[in-house]
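Open your viewer and keep the selection tool at hand. Each stop below tells you what to pick and what you will find there.

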Amino acid sequence: MQSRNTPPTRAGGRPRSAEADTAILEATRQALVDLGWTKLTMGDVATRAGVAKTTLYRRWAGKSELVVDAVAELFDELELPDSGSLAADIEGVVLQFAALLGRPETKTALMAVVAESTTDEPLRERVRASIVDRQKRLVLTGRARAQARGELPVEPDAATAAVTADLIFDVIAGAVVHRALVSAEPVDREWARRFTLLILGGLAAAAASGPGA
């Protein structure tokens, strides 16, 4: 799958190759698993992908940008199931997210970029734009479906809607990442069910409290 964050073809340059992009991003993730962040080099990725190192530098300025795009491509695989209810939708995406985090390439790559971004502000901004902000689409889609079904009220204004979407994303993503990667505990159907009940209870309480709660 071609990354949704693949940099555009430079003006006057040769057309981008989707096959090369895919090979490079896959090679990056595998190199992270095998070598770790510190030992990973652009040259190693180029060798694994079967491309020239200059090909990488035409697409990415350096290792940080490349690794973030390699991680972002994995998270672009997430899709919110339309299961007919908000509860089922949340459970479905939580289990899908946990399964993705359970893959060695996802776990290694995500932990590497998060750790590195603690001392690299440009990298943190790229992570936010390429991974966090892009995956908020799942919250926006799920909320719109729930509002159309009458399960959630429509927010009174765009600012409130944005704050609510951010909060929902932070709670779900934070809890699943902590459970799967920090605590190393299973995210199974029972945990997903109980977690979903907590989310729904919070949303119901917020709705009952009125606008701006």
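Select H1 and H6: H1 passes H6 in a left-handed crossing. A crossing is called left-handed if the near helix is turned anticlockwise from the far one by less than a right angle, and right-handed if clockwise. This is a predicted model, in which local features need pLDDT of at least 70 and side-chain atom pairs count only at pLDDT 80 or more, while totals for chains, interfaces and linings use all residues. Residues are numbered from 1 along each chain as its sequence is written, and side-chain values use heavy atoms, with hydrogens and water left out.

The angle between H1 and H6 is about 60°, and their axes lie 8 Å apart (axes are lines fitted to C-alpha atoms, for helices over the stretch in contact, and angles run from 0 to 180 degrees between N-to-C directions). That makes H1 oblique to H6; angles under 35 degrees count as roughly parallel, over 145 as roughly antiparallel, 65 to 115 as roughly perpendicular and the rest as oblique.

Now show side chains. From H1, pick Arg 29, Leu 32, Val 33 and Trp 37; they meet Pro 104, Glu 105, Thr 108, Ala 109, Ala 112, Val 113 and Glu 116 in H6. Contact here means heavy atoms within 4.5 Å. By class, this contact of H1 with H6 has 7 nonpolar, 1 polar and 3 charged residues (Ala, Val, Leu, Ile, Met, Phe, Trp, Tyr, Cys and Pro count as nonpolar, Asp, Glu, Lys and Arg as charged, and the others, Gly among them, as polar).

The contact of H1 with H4 divides into 8 nonpolar, 3 polar and 4 charged residues.

Move on to H8 and H9 (residues 189–209), which pack at about 155° with their axes 12 Å apart. That makes H8 roughly antiparallel to H9, and their crossing is right-handed. Select Ile 168, Val 171, Ile 172, Ala 175, Val 176 and Arg 179 of H8, then Trp 191, Phe 195, Ile 199 and Leu 203 of H9, to see the contact. It has 9 nonpolar, no polar and 1 charged residues.

Finally, zoom out to the whole protein chain, with its 9 helices and 0 strands (helices, H or I of at least four residues, and strands, E of at least two, are DSSP runs numbered from the N terminus). The C-alpha atoms fill a box of roughly 60 × 40 × 35 Å, taken along the principal axes.
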